[in-house]
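Hello,

Here is the structure we talked about. Please open it next to this note. My findings follow below.

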Amino acid sequence: MNRLQTLQKQKQFWMSVKRTLDKDAPMHTEEGFQYARVLTKLVLIELEIEEIEGKEKAARL
């Protein structure tokens, strides 16, 4: 499986985790920290996906 497919699967997984967490949880609680960690992971995965797609697009030009 290539890196892009792996990242997309990870993104789907973390999106499902995000949906189960309470977005209104106070940051000083464990659930608030978990929500922040999940958002961070999602952002990093999305950035890597965009980077790979950008490189693939540039290679096609």
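Which residues of H2 are buried? They are Gly 32, Tyr 35, Val 38, Leu 42, Ile 45, Ile 49 and Ile 52. Please keep in mind that this is a predicted model.

An α-helix has 3.6 residues a turn, so residues three or four places apart point the same way. Here, the buried residues of H2 pack against H1.

Next, the length of H2. The helix has 31 residues, which at 1.5 Å a residue should span 45 Å. The C-alpha atoms at its ends are 45 Å apart, so the two values agree.

Now the core. Five residues make up the largest nonpolar core: Leu 4, Leu 7, Ile 45, Ile 49 and Ile 52. Helix H1 (3-20) and helix H2 (30-60) each supply at least two of its residues. H2 gives the most, with three. In soluble globular proteins, nonpolar side chains tend to be buried together.

Take a look at Ile 45, which belongs to that core. Leaving aside residues up to four places away in sequence, Ile 45 touches Leu 7, Gln 10, Lys 11 and Trp 14.

Trp 14 comes up again with the aromatic rings. The structure holds one aromatic pair. Its members are Phe 13 and Trp 14, with ring centres 4.9 Å apart. Their planes stand at 75 degrees, so the pair is edge-to-face. Phe 13 has 46% relative accessibility and therefore counts as partly exposed.

Best regards

How values were computed: Residues numbered from 1 in each chain as written. Predicted model: local features only at pLDDT ≥ 70, side-chain atom pairs only at ≥ 80, totals over all residues. Heavy atoms only, no water. Core = buried A, V, L, I, M, F, W, Y, C linked by side-chain atoms within 4.5 Å. Buried < 20%, exposed > 50% of the residue type's maximum accessible area, 1.4 Å probe, protein only. Helix = DSSP H or I, 4+ residues; strand = E, 2+ residues; numbered from the N terminus. Contact = heavy atoms within 4.5 Å. Phe/Tyr/Trp six-rings, centres within 6.5 Å; stacked < 30°, edge-to-face > 60°. Expected span 1.5 Å × (residues − 1).
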